[in-house]
Amino acid sequence: QVQLVESGGGLVQAGGSLRLSCEASGSVYAMGWFRQAPGKEREFVAAISWSGDKSTFADSVKGRFTISRDNTKNMLYLQMNNLKPEDTAAYYCAAGQNTMTLTHSHVYYWGRGTQVSVSS
């Protein structure tokens, strides 16, 4: 069992930045971020391999978001720049087999989420 705890959400103006963090109780998996806006399905945002050498992003965040991890601290990060109102959602940390399976929402473990709100 792996526990995931997100932090770093908040309210920011459009064009601003936030960095989300996820603390994991282990570091043996590929990891990623998903988000869910009110009334919408949860969607894939980004994923990174266990070693950190592979990453993938949803088209909607490419060029604005970066994902990274520090396995010495069992931490996952999502740096979000040039935020838009449509980025408003609850963001969830996830662990899975690899980046490909994460893009298809095949998740082993979920965090409880952190809210990101972007005002226009």
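Buried residues (under 20% relative accessible area with a 1.4 Å probe, protein chains only; over 50% is exposed, and in between is partly exposed) make up 47% of the 120 residues in the protein. Keep in mind that this is a predicted model, where local features need pLDDT of at least 70, side-chain atom pairs count only at pLDDT 80 or more, and totals for chains, interfaces and linings use all residues. Residues are numbered from 1 along each chain as its sequence is written, and side-chain values use heavy atoms, with hydrogens and water left out.

**Overall build**

- You'll find 1 helix and 11 strands here; these are DSSP runs numbered from the N terminus, with helices being H or I of at least four residues and strands being E of at least two.
- Starting at the N terminus, the order of elements is β-β-β-β-β-β-β-β-β-α-β-β.
- The radius of gyration, taken over C-alpha atoms, is 13 Å, close to the 14 Å that the globule rule (2.2 Å times the number of residues to the power 0.38) gives for 120 residues, so the protein is as compact as a globular protein of that length.
- Along the principal axes, the C-alpha trace spans about 40 × 25 × 25 Å.
- Take the contacts (heavy atoms within 4.5 Å) between residues at least 6 apart in sequence: 57% of them join residues at least 24 apart.

**The disulfide**

- The structure has 1 disulfide, meaning a pair of cysteine sulfur atoms within 2.5 Å.
- Cys 22 and Cys 93 are the partners, with an S to S distance of 2.1 Å.
- Cys 22 sits in strand 3 (residues 18-24) and Cys 93 in strand 9 (residues 89-96), so the pair ties together parts that are 71 residues apart in sequence.
- The torsion about their S-S bond is about -80°, so this disulfide is left-handed.
- Both Cys 22 and Cys 93 are buried.

**A look at Asn 74**

- Asn 74 is in the loop between strand 7 (65-70) and strand 8 (75-80).
- Its relative accessibility is 23%, so Asn 74 counts as partly exposed.
- Leaving aside neighbours within four places in sequence, Asn 74 is in contact with Cys 22, Glu 23, Ala 24, Ser 25, Gly 26 and Ser 27.
- Asn 74 and Leu 4 are 70 residues apart along the chain, and their C-alpha atoms are separated by 9.8 Å.
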